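Dear colleague,

I am passing this structure on to you, together with some notes on what was found in it. Please look through the sequence and the model before reading the rest.

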Amino acid sequence: MYLDIIFNVLGGLGIFLYGMDNMSSGMQKLAGQRLKKILALLTTNRVMAILMGMGVTMLVQSSSVSTVMTIGFVNASLLTLKQALGVIFGANIGTTITGWILVLNIGKYGLPIVGAGAILYMFLKGDRAKTKALTFMGLGMIFLGLQLMSNGLKPVRSMPEFVSMFHMFSADTYFGVVKVAAIGALITAIVQSSSATLGITITLAVQGLIDYPTAVALVLGENVGTTITAILATLNANVNAKRAAYAHTIINTLGVIWVTAVFPYYLKFLSNFGSPETNMTMAIATAHTMFNVVNVLIFTPFIGVMADLLTKIVKDDGKKDDRVTKIDFLMLKTPSVVVGQTKTEILTMGKYIEEMFGTLDNIYVNNEFITEEKVAQMRKIEDDLDLFQKEITDANFVILNKNITDKMKMDTRNNLEVCDEYETISDYLMRVTNSLKKLQDNSISLTDEEKSTLKEFNEDTRELFRNVNTAYALKNRDILMKAITKANKITEKYRKAKQVHLQDGGQENPIAMLTTSYMDILNHYRRVRDHIFNIIEVYSI
């Protein structure tokens, strides 16, 4: 008997959790494009931030994912603390959708839904179709898991020792409410899933093992316990991210404090929206939703005050952020966001490369003296682009090992290829600068014809880079196709310049350093052209 109970409850809980994970990951894949647009919609308008938090949490079916993602944005300085608080408020409301899914009460259909989803997953073609099947199968697992837990707990009702144990945790007094809420917080903190503890709470209540007030008190505690995920995620984050995580805990804790203080009146208020005798699951879902909605309404006007207070209480730790990109390890839970942010970072690399081209252009056109400061400035850019490449590569290799769509894998690989080529281009532009500085330091002057030739190469490769960078930004294949002609012209021009220089060099017997340095510079530009062309080939396949 006891083994049957343990097996059914344990197996049901495992299937329920796996179903939640499948549905959450499936929804994330399907909502990928929407998630990438979140930053464009998040403004200083707190109402918009709350709506975005609600929307994203409903899409990914996990307040932990959306909250940690938001804190990742704060850690990467993509969001301010005030904006993040708005998103977290919205996430608290959005997570209550799980309870309303359970209200459907289609446990007996859970097994056929799982079976149908699995069959569809096996036979459907196309990545998006398979993802939909996986999401559908996850939904079935949720109901199947709940049914197994419910069936497993049925015999417990007739066991006096278990009944008396559950009666020890009853929300019939103020301290009883606090004790039950603390238990709900502790269990949720351990399993790090409020959806799991909500499912268990509903199962216990439906089976009559706990009464409605106790279920509501457990739900209150679950709202506090779920914040542990965000706190754990910020252990190595910056101080602003920590402030956002602490705010999440403070808001939910204060909410539980005021509700437990007026608990009987809160239950009376909830009775206006449905009776537990009629539908226990709906009554618990209503309690979960109303707590978070009312809490958000109370605290939203004080977002600015709370952000300022946290800034004063949680002091800056003085740690310097050495990262150059705004890709944060906390974003890795949402690969689609990483893919979108990676492209933004690579386009930033493009701006730095444009700056390097511009510096060289000034040297050729205005015959500028190459100072040590100018060389250091170019080297700083080149070093920064090395860091860009490392940070982008590290993050994107992680998401390549995740269960992501084929399109996302292709986008990730393409981004990595472009990132590598951009970093290499900066290396060659640095080598051009070093060669020019070497000639200058040795008082060796280029002829007017040589200066003109190098100026043309700089302009041509710069224009080619601009075209490819624009095509990459806009995903414009036509621009890439036109760039092929430009690249071929640069190759032909290189051959002619090399031939002319070798012929002239043999006749005039110039200084060896001039000949080698000039040819080195020509070769560097040719290599820049080759690496730009590699990007064209990536997107032309």
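The axes of helix α15 (residues 239–261) and helix α17 (residues 280–299) come within 10 Å and cross at roughly 110 degrees, which makes α15 roughly perpendicular to α17, a label given to angles of 65 to 115 degrees. Axes here are lines fitted to C-alpha atoms, for helices over the stretch in contact, with angles running from 0 to 180 degrees between N-to-C directions, and helices are DSSP runs (H or I, at least four residues) numbered from the N terminus. On the α15 side the contact (heavy atoms within 4.5 Å) is made by I251, N252, L254, G255, V256, W258 and V259, and on the α17 side by F291, V294, N295, I298 and F299. These residues divide into 9 nonpolar, 3 polar and no charged, where Ala, Val, Leu, Ile, Met, Phe, Trp, Tyr, Cys and Pro count as nonpolar, Asp, Glu, Lys and Arg as charged, and the others, Gly among them, as polar.

Please keep in mind that this is a predicted model, in which local features need pLDDT of at least 70 and side-chain atom pairs count only at pLDDT 80 or more, while totals for chains, interfaces and linings use all residues. Residues are numbered from 1 along each chain as its sequence is written, and side-chain values use heavy atoms, with hydrogens and water left out.

Turning to aromatic rings, the count comes to 7 aromatic pairs, a pair being rings of Phe, Tyr and Trp (its six-membered ring) with centres within 6.5 Å, called stacked if the planes are under 30 degrees apart, edge-to-face if over 60 and tilted otherwise. The rings of F269 and F273 have centres 5.2 Å apart and planes at 75 degrees, so the pair is edge-to-face. F357 and F465, by contrast, form a tilted pair, with 6.1 Å from centre to centre and 40 degrees between the planes. F357 lies in helix α19 (residues 335–365) and F465 in helix α22 (residues 448–474), so this pair ties together parts that are 108 residues apart in sequence. Ring pairs also link F357, Y422 and F465 into a cluster.

Notes. Helix = DSSP H or I, 4+ residues; strand = E, 2+ residues; numbered from the N terminus. Parallel < 35°, antiparallel > 145°, perpendicular 65-115°, else oblique.
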